[in-house]
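Here is my note on the model, as numbered points. Please read it with the structure open.

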Amino acid sequence: MPHQSGVLDLSAYRASPAERRRTQDLLDLIPGRGELALDIGARDGHFSHLLAQRFDKVVALDLQRPRIDHPRIECLQGDAAALQFASESIDFVLCAEVLEHIPPHLLGEVCAELQRVSADKILIGVPYRQDIRVGRTTCQACGGKNPPWGHVNSFDEHRLAALFDQCTVTATSYVGQTTDSTNALSCLLMDLAGNPYGTYKQEEPCIHCGARLAPPPPRDLPKKVLTRLAFWSRAATTALQAPRPNWIHMLLTKRNAPPYPAMYGLA
């Protein structure tokens, strides 16, 4: 993800070819029109604005209240594990780039809440089968090891479908391609070297102590050797790794919901 001065540059990130492809794929799965949409993890409002082109009202929700100026967008502070909406009150729920960040012990609660408030469609976007050992960081405050970008969960089709047991899968699509992977030996060696090539410019803090992540000090010769050995070990795994998509997008339909064309006028 692009950064400027150690802070995530969302404008550059959104403009990148890979991100534009991901955005278009999500748009292709979003209903043509509707009354009320909920954007979980709205951040800068990128998708909230896109949803406002199709829905009469959009609720942009995040842990900190988003700042979005649009007549059809309402900004709310909230927790996806305890949503402040009535059951089956939201026509369409978008949850992209969120579930990979949810603490594992809360993941089931968040998915249950998304299903509870949904009246019909839920669209999920997450990294696909991400090896969250690649790009690990070491917290300089507590020494804890962190996954890249704060991604504490990894998903495939089966795990996503199982998490949304009140829904059926309407459509699944994939975006991008990667062979990023590692192995236990390479991960151990990189940990011993201090994880010098981790995602230290991420916004997400240490998952162990909450401190802001900072790059490690310059490596001495032993740590440089460990780093080189880690790269050699990882290269052996990557060479045997078949390409896989970067992202999976899954459109889900709440069971017993009105037929898709009837609710959204798409017949």
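1. The main core. This is a predicted model. Its largest nonpolar core counts 32 residues. Leu38, Ile40, Leu99, Leu114, Ile124 and Phe164 make the most contacts inside this core. Seen by element, β3, β4 (55-62), β6 (90-96), α4 (104-117), β7, α5 (157-163) and β11 (247-254) each give two or more residues. The top contributor is α4, with five residues.

2. Ile124 within that core. Which residues does Ile124 touch, once those up to four places away in sequence are not counted? The list is Cys95, Leu99, Leu114, Leu160, Phe164, Ile248, His249, Met250 and Leu252. Leu99, Leu114 and Phe164 are also among the residues with the most contacts inside the core.

3. A second core. There is also a separate core, with 21 residues. Ile30, Ala42, Ile68 and Leu251 are among its members.

4. Salt bridges, and the pair in α2. The structure holds ten salt bridges. One of them joins Arg22 and Glu19, at 2.7 Å from N to O. Both residues sit in helix α2 (residues 17-29), three residues apart, so about one helical turn separates them.

5. Asp120 and Lys121. These two side chains also form a salt bridge, 3.2 Å from N to O. Asp120 is buried, with a relative accessible area of 0%. Lys121 is buried too, at 2%. Elsewhere, Glu19, Arg22 and Glu97 belong to one network, joined by salt bridges that share partners.

6. Glu203 and Arg43 form a salt bridge, with their closest N and O atoms 3.0 Å apart. The two are 160 residues apart and link distant parts of the chain. Glu203 lies in the loop between α6 (184-192) and α7 (221-239), and Arg43 in the loop between β3 (34-40) and α3 (46-52). Buried, exposed or in between: what is the state of Glu203? Glu203 is partly exposed, with a relative accessible area of 40%. Arg43 is partly exposed as well, at 30% relative accessibility.

7. Arg22 and Thr23. Besides its salt bridge to Glu19, Arg22 lies over the face of Trp247, 4.6 Å from the ring centre. Thr23 is also placed in helix α2. Its relative accessibility is 9%, so Thr23 counts as buried. What does Thr23 contact, leaving aside neighbours within four places in sequence? The partners are His46, Phe47 and Leu50.

8. Aromatic pairs. The structure holds three aromatic pairs. Tyr128 and Tyr174 form one of them, in an edge-to-face arrangement. Their centres are 5.3 Å apart, with 75 degrees between the planes. Tyr128 lies in the loop between β7 (118-127) and β8 (137-138), and Tyr174 in strand β10 (residues 167-175), so the pair ties together parts 46 residues apart in sequence. Tyr128 is buried, at 8% relative accessibility, whereas Tyr174 is partly exposed, at 35% relative accessible area.

9. His208. This residue lies in the loop between α6 and α7. Its C-alpha is 9.8 Å from that of Ala141, while the two are 67 residues apart in sequence. Setting aside neighbours within four places in sequence, His208 contacts Cys142, Gly144, Lys145 and Asn146. A polar atom of the His208 side chain lies 2.8 Å from the backbone oxygen of Lys145.

10. Helix α6, end to end. Asn183 caps the N-terminal end of α6, with a side-chain oxygen 3.2 Å from the backbone nitrogen of Leu185. Which residues of α6 are buried? They are Ser186, Cys187, Leu189, Met190 and Asp191. The cover over these buried residues includes β9 (145-146) and α7. Just after the helix, Gly194 takes a positive phi of about 90 degrees.

Key:
Residues are numbered from 1 along each chain as its sequence is written. This is a predicted model: local features need pLDDT of at least 70, side-chain atom pairs count only at pLDDT 80 or more; totals for chains, interfaces and linings use all residues. Side-chain values use heavy atoms; hydrogens and water are left out. A salt bridge is a side-chain nitrogen of Lys or Arg within 4 Å of a carboxyl oxygen of Asp or Glu. Helices (H or I, at least four residues) and strands (E, at least two) are DSSP runs, numbered from the N terminus. Buried means under 20% relative accessible area, exposed over 50%, partly exposed in between (1.4 Å probe, protein chains only). Rings of Phe, Tyr and Trp (its six-membered ring) pair if their centres lie within 6.5 Å; planes under 30 degrees apart count as stacked, over 60 as edge-to-face and the rest as tilted. A charge sits over a ring if NZ of Lys or CZ of Arg is within 6 Å of the ring centre and within 35 degrees of the ring normal. Contact means heavy atoms within 4.5 Å. A nonpolar core is a set of buried Ala, Val, Leu, Ile, Met, Phe, Trp, Tyr and Cys residues joined through side-chain atoms within 4.5 Å. A polar contact is a pair of N or O atoms within 3.5 Å; within protein, one must be able to donate a hydrogen and the other to accept it, and residues adjacent in sequence count only if both atoms are side-chain atoms.
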